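This report describes how a protein surrounds its ligand. Please consider the sequence and the model together.

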Amino acid sequence: MAVSDLLPRLDGALSADLRPLVRAARDAAAAENARLYVVGGAVRDLLLGRPLVDVDIVVEGDATSLSRRVAQQTGGRVEAHDRFGTAKVLHNGPVSTGHGQSLDLAAARTETYARPGALPAVQPGTLAQDLARRDFTINAIALVLTPPDEGSLLDPFGGHKDIEAGLVRVLHDKSFVDDATRIFRAVRYEQRLGFRMEPQTESLARRDIRYLDAISGDRVRNELDLLLREDAPERGLARLAEIGALERVGLPWHDAAWLSVKFAQARRAAPPGALLPEIYLGLLIYTMSLEEASAALQRLNFPRATDQALRDVGPLKARLADLARPDLQASAAVHMLERFQPAALQTCAFACDDEAARERLRRYLAEWRYVKSALDGHDLARLGVAQGPRMGQLLTSLRDARLDGQVRSREDEESWVRRALAGPTSAGPRHGEQR
Ligand code: CTP
């Protein structure tokens, strides 16, 4: 692929908000006599003709002073993190709200790992050192943004050649020992770009799989989450399983063919706003024994709500045969399902192969869980029901009667309550389902 037109291509690929910021950074660097580069994923994606997700810019020099110049020129403000040698130029309100635009600048640096899996210690360095600390050759290319060589590539590890050959290759034999999360990253690039690990890199990944043990649950979870946001994550998961990485982080891989079908169905049918990664994880948990699921969740340390939803999957799966019973009324289904998190119910709606159970899960999620009686506690008090547990029981039974179509209007409900008050056994739960 020709590299002569990379600067115009970069210009074209940048968003309209970012373009003037990059232009200003180039001017500011020229004025400071500092050398400026685009590095990492953006160069890789430019060479591949893929859209840019984010742009990492590295300066050989002081990132904070350069950012100040850019901010001055463009009317933005600076957020500097001197300890890491990084700075952000911010425009139009906080970026976290989604309204702002920001440019990240980092000083070229070296990294050293005190022990496998530790976060690296960072020191200022040259661009060559900055490229040498990186994960793969395809990410260790720099595009020069300042004269005299602007527009040329610095590619000390042959990354451009590997991009053309479709290869993910580490820079040195200890790369996965330094940071075993790179095994996940390698697979992510394989899947996303249609690449393959170069054979020696793959055997290093297999050799160094045990270094994943030194990676915290939070970091593993973060990698997993990134993988699950890719287009067809079942392929990446299968590949991680083949290398031995999935099992090593506590995720046994059963039933690949079934999971493939279910992942694809979930993608097609997930309701708007559903968190697909959470559903994928739920499907994975669905294939595990309760012990395996519990160990996986312990290892991956999910935030509380996700953890609870995933913990619900196994116990809910165990109730699906009951949920499929032909004589089960809507109210009994609701009593069975309301203790489970919606994400677990959604997962089982995809996972379950029984049509009747699946239909009840769908109706519960879409309809039944929102059903309420028309009468509330005040109405019941007006009809002569005393405060206390009986009031709660009556309200629940009233909702059940509505779910089962025994009452359809406010008037129906009032007569239902009157009947219940007249005869102590005529109202109350009428179904086999235990609460
Ligand atoms: N990097 C690394 N080792 C890691 C994480 C990141 O060497 N464990 C380096 C890579 O060179 C990468 C850069 O840091 O290019 C930025 O990381 P990140 O933003 O995660 O990746 P991108 O290259 O931007 O790729 P992606 O498209 O996946 O975001």
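Which helices each supply at least two residues of the shell around the ligand? They are helix 3 (41–48) and helix 8 (181–193); helices here are DSSP runs of H or I with at least four residues, strands are runs of E with at least two, and both are numbered from the N terminus. The model is predicted, so that local features need pLDDT of at least 70 and side-chain atom pairs pLDDT 80 or more, while totals for chains, interfaces and linings use all residues. Residues are numbered from 1 along each chain as its sequence is written, and side-chain values use heavy atoms, with hydrogens and water left out.

**The ligand shell**

The ligand is surrounded by 15 residues, each with a heavy atom within 4 Å of it. The closest are Arg44, Asp135, Asp179, Arg185 and Arg192. Helix 8 gives the largest share of this shell, six residues.

The table lists polar contacts, which are pairs of N or O atoms within 3.5 Å.

| Residue and part | Ligand atom | Distance |
|---|---|---|
| Asp135, backbone N or O | oxygen | 2.7 Å |
| Asp179, side-chain N or O | nitrogen | 2.7 Å |
| Arg188, side-chain N or O | oxygen | 3.5 Å |

Taken alone, the ligand exposes 570 Å², of which the protein buries 77%; these accessible areas come from the Shrake-Rupley method with a 1.4 Å probe.

**Paired strands**

Strand 1 (residues 35–39) pairs with strand 2 (residues 56–60) in the antiparallel sense over five bridges; pairing requires at least two DSSP bridges. In this pair, Tyr37 stands opposite Val58 of strand 2. Strand 2 also runs parallel to strand 5 (residues 101–107), joined by three bridges, and Ile57 stands opposite Leu105 in strand 5.

How values were computed: Polar contact = N/O pair within 3.5 Å; in protein donor to acceptor, adjacent residues only side chain to side chain.
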